[in-house]
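Subject: Structure for you to look at

Hello,

Here is the structure I promised to pass on. Please open it alongside this note.

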Amino acid sequence: MGIRIISVVGTRPNFVKIAPLIREFKKHREIESILVHTGQHYDKEMSRLFFEQLEIPKPDINLNVGSSTDVQQTAKIMVEFEKILLEKNPGLVVVVGDVNSTLAAALTAKKCGIRVAHVEAGLRSFDMGMPEEANRILTDHISDYLFTTEESGNRNLKDENISKNKIYFVGNVMIDSLLSHKERARESKILANLKLNKNEYCAATFHRPSNVDNKNSLKKLLNLVQETAKKIKVVLPLHPRTLNSIEKFGLADEFKKIRGLIMTNPLGYLDFICLMMNSKFVVTDSGGIQEETTVLQVPCITFRENTERPVTAKEGTNLAVTTDIKKIQSTIEKIMSSKASKGKIPKFWDGKAAERITDIILKSNEKKK
Ligand code: UD1
(Lines give C-alpha, C1' and ligand atoms only; values in the text may rest on other atoms or scores of the structure.)
Protein backbone atom coordinates (compact mmCIF):
# COMPACT_ATOMS: atom_id res chain seq x y z
CA MET A 1 0.00 0.00 0.00
CA GLY A 2 1.40 3.41 -0.97
CA ILE A 3 1.05 6.73 0.74
CA ARG A 4 -0.08 10.08 -0.64
CA ILE A 5 1.97 12.89 0.92
CA ILE A 6 1.15 16.57 0.60
CA SER A 7 4.16 18.80 1.31
CA VAL A 8 3.49 22.46 2.01
CA VAL A 9 5.78 25.42 1.35
CA GLY A 10 5.20 29.16 1.50
CA THR A 11 8.39 31.12 2.04
CA ARG A 12 11.96 31.31 0.84
CA PRO A 13 13.49 29.17 3.63
CA ASN A 14 10.74 26.56 3.13
CA PHE A 15 11.82 26.05 -0.48
CA VAL A 16 15.38 25.28 0.61
CA LYS A 17 14.12 22.77 3.18
CA ILE A 18 11.60 20.97 0.99
CA ALA A 19 13.88 20.46 -2.05
CA PRO A 20 15.80 17.41 -0.73
CA LEU A 21 12.60 15.85 0.64
CA ILE A 22 10.74 16.08 -2.67
CA ARG A 23 13.77 14.61 -4.43
CA GLU A 24 13.81 11.74 -1.95
CA PHE A 25 10.03 11.14 -2.14
CA LYS A 26 10.29 10.86 -5.93
CA LYS A 27 12.73 7.96 -5.58
CA HIS A 28 10.06 5.79 -3.98
CA ARG A 29 7.28 4.34 -6.11
CA GLU A 30 5.09 3.83 -3.06
CA ILE A 31 4.99 7.59 -2.39
CA GLU A 32 2.62 9.84 -4.32
CA SER A 33 4.05 13.31 -3.72
CA ILE A 34 1.93 16.45 -4.08
CA LEU A 35 3.48 19.89 -3.55
CA VAL A 36 1.36 22.81 -2.37
CA HIS A 37 2.69 26.42 -2.43
CA THR A 38 0.66 28.73 -0.20
CA GLY A 39 1.90 31.83 -2.06
CA GLN A 40 3.10 33.56 1.16
CA HIS A 41 6.22 34.56 -0.83
CA TYR A 42 5.47 35.28 -4.47
CA ASP A 43 8.15 37.55 -6.01
CA LYS A 44 10.45 36.03 -8.62
CA GLU A 45 13.44 36.67 -6.34
CA MET A 46 11.75 35.29 -3.22
CA SER A 47 10.12 32.27 -4.85
CA ARG A 48 10.48 31.29 -8.54
CA LEU A 49 14.27 31.61 -8.62
CA PHE A 50 14.48 29.15 -5.72
CA PHE A 51 12.31 26.58 -7.47
CA GLU A 52 14.51 26.82 -10.56
CA GLN A 53 17.88 26.69 -8.79
CA LEU A 54 16.93 24.00 -6.28
CA GLU A 55 15.24 22.01 -9.06
CA ILE A 56 11.98 21.72 -7.18
CA PRO A 57 9.14 20.62 -9.46
CA LYS A 58 6.52 23.26 -10.16
CA PRO A 59 3.95 23.18 -7.30
CA ASP A 60 0.93 21.02 -8.12
CA ILE A 61 -1.28 23.56 -6.39
CA ASN A 62 -0.76 27.26 -5.55
CA LEU A 63 -3.06 28.83 -2.98
CA ASN A 64 -1.92 32.36 -3.99
CA VAL A 65 -2.60 33.87 -0.56
CA GLY A 66 0.02 36.66 -0.90
CA SER A 67 0.77 39.28 1.76
CA SER A 68 -1.55 40.58 4.46
CA THR A 69 -1.53 40.65 8.24
CA ASP A 70 -0.25 37.53 10.01
CA VAL A 71 -3.83 36.65 11.01
CA GLN A 72 -5.33 37.07 7.56
CA GLN A 73 -2.46 35.20 5.94
CA THR A 74 -2.82 32.27 8.35
CA ALA A 75 -6.61 32.21 8.04
CA LYS A 76 -6.62 32.42 4.24
CA ILE A 77 -4.18 29.51 3.99
CA MET A 78 -6.40 27.41 6.28
CA VAL A 79 -9.58 28.07 4.27
CA GLU A 80 -7.91 27.28 0.95
CA PHE A 81 -5.88 24.33 2.23
CA GLU A 82 -8.94 22.63 3.71
CA LYS A 83 -10.45 22.41 0.22
CA ILE A 84 -7.31 20.68 -1.04
CA LEU A 85 -7.28 18.20 1.84
CA LEU A 86 -10.96 17.33 1.35
CA GLU A 87 -10.33 16.68 -2.33
CA LYS A 88 -7.02 14.81 -2.08
CA ASN A 89 -7.38 13.08 1.29
CA PRO A 90 -3.64 12.46 1.79
CA GLY A 91 -2.15 10.01 4.31
CA LEU A 92 0.29 12.63 5.57
CA VAL A 93 0.91 16.37 5.44
CA VAL A 94 4.56 17.47 5.69
CA VAL A 95 5.33 20.98 6.94
CA VAL A 96 8.77 22.56 7.40
CA GLY A 97 10.19 25.35 9.56
CA ASP A 98 8.27 27.93 11.54
CA VAL A 99 6.50 30.36 9.23
CA ASN A 100 2.80 31.21 9.06
CA SER A 101 2.34 28.68 6.24
CA THR A 102 3.78 25.95 8.50
CA LEU A 103 1.30 26.48 11.32
CA ALA A 104 -1.67 27.14 9.04
CA ALA A 105 -1.16 23.92 7.07
CA ALA A 106 -0.47 21.81 10.17
CA LEU A 107 -3.55 23.06 11.98
CA THR A 108 -5.79 22.50 8.96
CA ALA A 109 -4.51 18.95 8.56
CA LYS A 110 -5.06 18.25 12.25
CA LYS A 111 -8.64 19.51 12.09
CA CYS A 112 -9.27 17.33 9.02
CA GLY A 113 -7.96 14.27 10.91
CA ILE A 114 -4.84 13.92 8.75
CA ARG A 115 -1.45 13.04 10.21
CA VAL A 116 1.20 15.77 10.28
CA ALA A 117 4.98 15.59 10.08
CA HIS A 118 6.95 18.64 11.25
CA VAL A 119 10.43 18.93 9.82
CA GLU A 120 12.72 21.12 11.98
CA ALA A 121 10.78 20.49 15.18
CA GLY A 122 11.72 21.44 18.74
CA LEU A 123 13.61 24.70 18.14
CA ARG A 124 12.84 27.34 20.75
CA SER A 125 14.01 30.93 21.18
CA PHE A 126 11.91 31.21 24.39
CA ASP A 127 10.83 34.59 23.06
CA MET A 128 7.10 34.73 22.50
CA GLY A 129 7.51 38.18 20.94
CA MET A 130 8.70 36.40 17.79
CA PRO A 131 5.82 35.32 15.54
CA GLU A 132 7.79 32.19 14.66
CA GLU A 133 7.97 31.02 18.30
CA ALA A 134 4.19 30.55 18.54
CA ASN A 135 4.24 28.87 15.13
CA ARG A 136 6.91 26.42 16.35
CA ILE A 137 5.25 25.51 19.63
CA LEU A 138 1.76 25.09 18.21
CA THR A 139 2.94 23.10 15.19
CA ASP A 140 4.99 20.74 17.39
CA HIS A 141 2.10 20.07 19.75
CA ILE A 142 -0.28 18.97 16.97
CA SER A 143 2.22 16.98 14.91
CA ASP A 144 2.51 13.19 14.79
CA TYR A 145 6.13 13.03 13.63
CA LEU A 146 8.64 15.53 15.02
CA PHE A 147 11.84 15.52 13.01
CA THR A 148 14.57 17.39 14.90
CA THR A 149 17.80 18.99 13.72
CA GLU A 150 19.79 19.30 16.94
CA GLU A 151 19.91 17.93 20.51
CA SER A 152 18.34 21.09 21.99
CA GLY A 153 15.22 20.32 19.94
CA ASN A 154 14.93 16.85 21.49
CA ARG A 155 15.32 18.31 24.97
CA ASN A 156 12.79 21.09 24.41
CA LEU A 157 10.16 18.65 23.18
CA LYS A 158 10.70 16.32 26.14
CA ASP A 159 10.49 19.31 28.51
CA GLU A 160 7.11 20.12 26.96
CA ASN A 161 5.94 16.56 27.66
CA ILE A 162 5.74 15.51 24.03
CA SER A 163 5.90 11.72 23.79
CA LYS A 164 9.38 10.52 22.88
CA ASN A 165 7.80 8.04 20.46
CA LYS A 166 7.02 10.94 18.15
CA ILE A 167 10.50 12.48 18.21
CA TYR A 168 13.07 11.53 15.57
CA PHE A 169 16.53 13.11 15.56
CA VAL A 170 17.33 13.11 11.84
CA GLY A 171 19.55 16.12 11.13
CA ASN A 172 19.05 19.14 8.96
CA VAL A 173 17.37 19.23 5.53
CA MET A 174 18.59 22.79 4.96
CA ILE A 175 22.12 21.42 5.13
CA ASP A 176 21.16 18.62 2.69
CA SER A 177 20.41 21.40 0.19
CA LEU A 178 23.56 23.32 1.00
CA LEU A 179 25.82 20.31 0.56
CA SER A 180 24.24 19.30 -2.72
CA HIS A 181 24.49 22.81 -4.22
CA LYS A 182 27.82 24.00 -2.83
CA GLU A 183 29.83 23.06 -5.90
CA ARG A 184 27.39 24.73 -8.30
CA ALA A 185 27.41 27.84 -6.09
CA ARG A 186 31.18 28.18 -6.64
CA GLU A 187 30.43 28.93 -10.30
CA SER A 188 28.25 31.94 -9.44
CA LYS A 189 29.43 35.25 -10.90
CA ILE A 190 28.17 37.29 -7.95
CA LEU A 191 31.63 38.35 -6.72
CA ALA A 192 32.63 39.62 -10.16
CA ASN A 193 29.25 41.30 -10.66
CA LEU A 194 29.54 43.20 -7.38
CA LYS A 195 33.31 43.77 -7.83
CA LEU A 196 34.22 41.95 -4.64
CA ASN A 197 37.26 39.94 -3.60
CA LYS A 198 37.21 36.90 -1.35
CA ASN A 199 37.47 37.77 2.38
CA GLU A 200 37.28 41.50 1.73
CA TYR A 201 33.63 42.03 2.61
CA CYS A 202 30.94 40.89 5.00
CA ALA A 203 27.53 39.61 3.92
CA ALA A 204 24.56 40.95 5.89
CA THR A 205 20.83 40.12 5.96
CA PHE A 206 18.06 41.49 8.18
CA HIS A 207 14.31 41.04 8.08
CA ARG A 208 13.05 40.08 11.57
CA PRO A 209 10.09 42.23 12.68
CA SER A 210 11.98 43.02 15.93
CA ASN A 211 14.78 44.64 13.89
CA VAL A 212 12.94 46.28 11.03
CA ASP A 213 9.30 46.94 11.91
CA ASN A 214 9.77 50.07 14.03
CA LYS A 215 11.80 53.21 13.48
CA ASN A 216 14.01 52.90 16.56
CA SER A 217 15.10 49.34 15.79
CA LEU A 218 15.70 50.26 12.20
CA LYS A 219 17.86 53.21 13.28
CA LYS A 220 19.87 50.82 15.45
CA LEU A 221 20.31 48.58 12.44
CA LEU A 222 21.44 51.60 10.41
CA ASN A 223 24.02 52.32 13.11
CA LEU A 224 25.25 48.72 13.01
CA VAL A 225 25.73 48.90 9.25
CA GLN A 226 27.46 52.32 9.48
CA GLU A 227 29.91 51.08 12.13
CA THR A 228 30.63 47.82 10.31
CA ALA A 229 31.16 49.55 6.95
CA LYS A 230 33.96 51.62 8.55
CA LYS A 231 35.90 48.36 8.96
CA ILE A 232 34.98 46.32 5.87
CA LYS A 233 32.67 46.47 2.82
CA VAL A 234 29.14 45.34 3.67
CA VAL A 235 26.93 43.58 1.11
CA LEU A 236 23.26 43.79 2.05
CA PRO A 237 20.67 42.00 -0.11
CA LEU A 238 17.41 43.59 1.01
CA HIS A 239 14.44 41.49 2.06
CA PRO A 240 11.15 43.12 0.86
CA ARG A 241 10.01 43.63 4.47
CA THR A 242 13.20 45.56 5.23
CA LEU A 243 13.04 47.62 2.05
CA ASN A 244 9.41 48.55 2.81
CA SER A 245 10.39 49.69 6.31
CA ILE A 246 13.42 51.69 5.15
CA GLU A 247 11.17 53.57 2.76
CA LYS A 248 8.28 53.93 5.21
CA PHE A 249 10.49 55.43 7.94
CA GLY A 250 12.31 57.76 5.53
CA LEU A 251 15.75 56.20 6.10
CA ALA A 252 16.59 55.37 2.46
CA ASP A 253 18.95 58.33 2.04
CA GLU A 254 20.79 57.49 5.26
CA PHE A 255 21.45 53.95 4.01
CA LYS A 256 22.47 55.17 0.54
CA LYS A 257 25.00 57.57 2.08
CA ILE A 258 27.01 54.81 3.81
CA ARG A 259 30.38 54.43 2.12
CA GLY A 260 31.33 50.81 1.59
CA LEU A 261 27.73 49.56 1.69
CA ILE A 262 26.44 47.64 -1.33
CA MET A 263 22.67 47.13 -1.28
CA THR A 264 21.14 44.63 -3.71
CA ASN A 265 17.80 42.97 -4.43
CA PRO A 266 17.26 39.61 -2.71
CA LEU A 267 19.74 37.17 -4.26
CA GLY A 268 19.04 33.74 -5.68
CA TYR A 269 20.12 30.66 -3.70
CA LEU A 270 23.36 29.92 -5.57
CA ASP A 271 24.52 33.55 -5.58
CA PHE A 272 23.82 33.92 -1.87
CA ILE A 273 25.66 30.71 -0.95
CA CYS A 274 28.62 31.91 -3.04
CA LEU A 275 28.48 35.31 -1.33
CA MET A 276 28.52 33.67 2.13
CA MET A 277 31.29 31.21 1.46
CA ASN A 278 33.68 33.89 0.24
CA SER A 279 32.87 36.47 2.91
CA LYS A 280 35.13 37.33 5.85
CA PHE A 281 32.08 36.96 8.09
CA VAL A 282 28.29 37.21 8.04
CA VAL A 283 25.97 39.41 10.13
CA THR A 284 22.35 38.29 10.14
CA ASP A 285 19.07 37.90 11.99
CA SER A 286 18.06 34.86 9.93
CA GLY A 287 17.69 31.40 11.44
CA GLY A 288 18.87 29.33 8.49
CA ILE A 289 21.94 31.45 7.81
CA GLN A 290 23.28 30.68 11.30
CA GLU A 291 23.20 27.02 10.29
CA GLU A 292 24.63 27.48 6.81
CA THR A 293 27.60 29.55 8.06
CA THR A 294 28.35 26.83 10.62
CA VAL A 295 28.63 24.25 7.84
CA LEU A 296 30.53 26.63 5.53
CA GLN A 297 32.82 27.38 8.52
CA VAL A 298 32.39 31.14 8.04
CA PRO A 299 32.15 33.28 11.22
CA CYS A 300 28.61 34.49 11.93
CA ILE A 301 27.30 37.28 14.13
CA THR A 302 23.61 36.96 14.95
CA PHE A 303 21.95 40.35 15.38
CA ARG A 304 19.33 39.12 17.85
CA GLU A 305 18.90 38.73 21.60
CA ASN A 306 18.55 34.96 21.32
CA THR A 307 18.85 32.00 19.01
CA GLU A 308 16.63 28.94 18.68
CA ARG A 309 19.63 27.17 17.16
CA PRO A 310 22.08 27.00 20.12
CA VAL A 311 24.22 24.29 18.54
CA THR A 312 25.52 26.88 16.05
CA ALA A 313 26.94 28.88 18.97
CA LYS A 314 28.03 25.88 21.06
CA GLU A 315 29.70 23.89 18.30
CA GLY A 316 29.58 25.99 15.13
CA THR A 317 30.79 29.41 14.00
CA ASN A 318 28.03 31.57 15.51
CA LEU A 319 30.39 33.79 17.52
CA ALA A 320 28.01 36.35 19.03
CA VAL A 321 24.24 36.45 19.54
CA THR A 322 23.53 40.03 20.58
CA THR A 323 22.09 43.39 19.53
CA ASP A 324 24.75 45.27 21.50
CA ILE A 325 26.62 47.20 18.82
CA LYS A 326 29.78 47.59 20.96
CA LYS A 327 29.99 43.83 21.55
CA ILE A 328 29.45 43.23 17.85
CA GLN A 329 32.23 45.64 16.91
CA SER A 330 34.66 43.94 19.28
CA THR A 331 33.72 40.53 17.84
CA ILE A 332 34.35 41.92 14.35
CA GLU A 333 37.77 43.18 15.44
CA LYS A 334 38.63 39.71 16.74
CA ILE A 335 37.52 38.14 13.47
CA MET A 336 39.53 40.65 11.43
CA SER A 337 42.70 40.29 13.46
CA SER A 338 42.92 36.57 14.09
CA LYS A 339 41.85 33.38 12.51
CA ALA A 340 38.42 32.63 13.95
CA SER A 341 37.83 29.02 14.95
CA LYS A 342 36.18 26.91 12.27
CA GLY A 343 34.04 25.14 14.88
CA LYS A 344 32.69 21.66 14.25
CA ILE A 345 29.82 20.31 12.19
CA PRO A 346 26.83 19.29 14.35
CA LYS A 347 25.69 15.68 14.45
CA PHE A 348 23.70 14.50 11.40
CA TRP A 349 24.30 17.70 9.42
CA ASP A 350 25.67 15.41 6.75
CA GLY A 351 23.37 15.71 3.76
CA LYS A 352 21.28 12.65 4.64
CA ALA A 353 18.41 14.09 6.69
CA ALA A 354 15.81 13.78 3.91
CA GLU A 355 16.78 10.15 3.41
CA ARG A 356 16.31 9.41 7.12
CA ILE A 357 12.95 11.18 7.21
CA THR A 358 11.63 9.29 4.17
CA ASP A 359 12.78 6.01 5.65
CA ILE A 360 10.95 6.68 8.92
CA ILE A 361 7.73 7.72 7.14
CA LEU A 362 7.76 4.60 4.94
CA LYS A 363 8.53 2.19 7.80
CA SER A 364 5.79 3.67 9.92
CA ASN A 365 3.35 3.42 7.00
CA GLU A 366 4.27 -0.26 6.62
CA LYS A 367 3.51 -0.88 10.32
CA LYS A 368 0.07 0.68 10.01
CA LYS A 369 -0.96 -1.89 7.41
C1 UD1 B 1 8.57 35.18 6.68
C2 UD1 B 1 8.52 34.35 7.94
C3 UD1 B 1 9.89 34.31 8.59
C4 UD1 B 1 10.95 33.87 7.59
C5 UD1 B 1 10.88 34.79 6.39
C6 UD1 B 1 11.90 34.40 5.34
C7 UD1 B 1 6.37 34.34 9.14
C8 UD1 B 1 5.66 34.85 10.36
N9 UD1 B 1 7.58 34.88 8.93
O10 UD1 B 1 8.82 36.52 7.06
O11 UD1 B 1 9.87 33.39 9.66
O12 UD1 B 1 12.23 33.92 8.19
O13 UD1 B 1 9.58 34.71 5.83
O14 UD1 B 1 11.93 35.32 4.30
O15 UD1 B 1 5.85 33.51 8.45
N16 UD1 B 1 6.96 40.50 0.39
C17 UD1 B 1 7.21 40.82 -0.93
N18 UD1 B 1 7.45 39.79 -1.77
C19 UD1 B 1 7.46 38.50 -1.40
C20 UD1 B 1 7.21 38.21 -0.05
C21 UD1 B 1 6.97 39.20 0.84
O22 UD1 B 1 7.21 41.97 -1.33
O23 UD1 B 1 7.69 37.62 -2.24
C24 UD1 B 1 6.73 41.61 1.37
C25 UD1 B 1 5.30 41.88 1.65
O26 UD1 B 1 5.11 43.27 1.60
C27 UD1 B 1 5.07 41.41 3.07
C28 UD1 B 1 6.46 41.48 3.67
O29 UD1 B 1 7.37 41.29 2.58
O30 UD1 B 1 4.16 42.17 3.75
C31 UD1 B 1 6.70 40.42 4.69
O32 UD1 B 1 6.38 39.13 4.17
P33 UD1 B 1 5.76 37.99 5.12
O34 UD1 B 1 5.48 36.79 4.36
O35 UD1 B 1 4.69 38.57 5.93
O36 UD1 B 1 6.90 37.69 6.19
P37 UD1 B 1 8.47 37.72 6.09
O38 UD1 B 1 8.97 38.95 6.74
O39 UD1 B 1 8.96 37.43 4.71
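Below is what turned up, sheet by sheet and then for the cavity and the rings.

A word on the source first: this is a predicted model, in which local features need pLDDT of at least 70 and side-chain atom pairs count only at pLDDT 80 or more, while totals for chains, interfaces and linings use all residues. Residues are numbered from 1 along each chain as its sequence is written, and side-chain values use heavy atoms, with hydrogens and water left out.

**The sheet with β1**

An open sheet of 7 strands runs in the order β3-β2-β1-β4-β5-β6-β7, with parallel pairing. Strands are DSSP runs of E with at least two residues, helices are runs of H or I with at least four, and both are numbered from the N terminus; two strands pair if DSSP finds at least two bridges between them. At the edges are β3 (61–62) and β7 (167–169), each pairing on one side only. Strands β1 (residues 3–9) and β2 (residues 31–37) are joined by 7 bridges, and Val-9 faces His-37 of β2. Helix α4 (residues 100–111) lies across β1, β4 (92–96) and β5 (115–121), at about 160 degrees to β4. Here contact means heavy atoms within 4.5 Å, and angles run from 0 to 180 degrees between N-to-C directions of lines fitted to C-alpha atoms, for helices over the stretch in contact.

**The sheet with β8**

The open sheet of 6 strands has the order β10-β9-β8-β11-β12-β13, again with parallel pairing. Because β10 (261–264) and β13 (318–321) each have a single partner strand, one side of each lacks a neighbour in the sheet. Neighbouring strands of this sheet are turned by 20 degrees against each other on average, direction ignored. Helix α10 (residues 215–229) lies across β8, β9, β10 and β11 (281–284).

**Cavity and rings**

The whole structure holds 1 cavity of 30 Å³ or more (a set of points on a 1 Å grid over the protein atoms alone where a 1.4 Å probe fits but cannot get out; lining residues have an atom within 4 Å of a point). About 40 Å³ of space lies in the largest cavity, the volume being that filled by probe spheres set on points joined across faces, edges and corners. Its lining includes Cys-202, Phe-206 and Val-283, and α10 gives the largest share, 3 residues.

There are also 7 aromatic pairs (ring centres of Phe, Tyr or Trp, the last by its six-membered ring, within 6.5 Å). Ring pairs link Tyr-145, Phe-147 and Tyr-168 into a cluster.

Best wishes

Conventions. 1 Å grid on protein atoms, 1.4 Å probe; cavity = no way out; pocket = protein on both sides within 12 Å on 5 of 7 lines; lining within 4 Å. Phe/Tyr/Trp six-rings, centres within 6.5 Å; stacked < 30°, edge-to-face > 60°.
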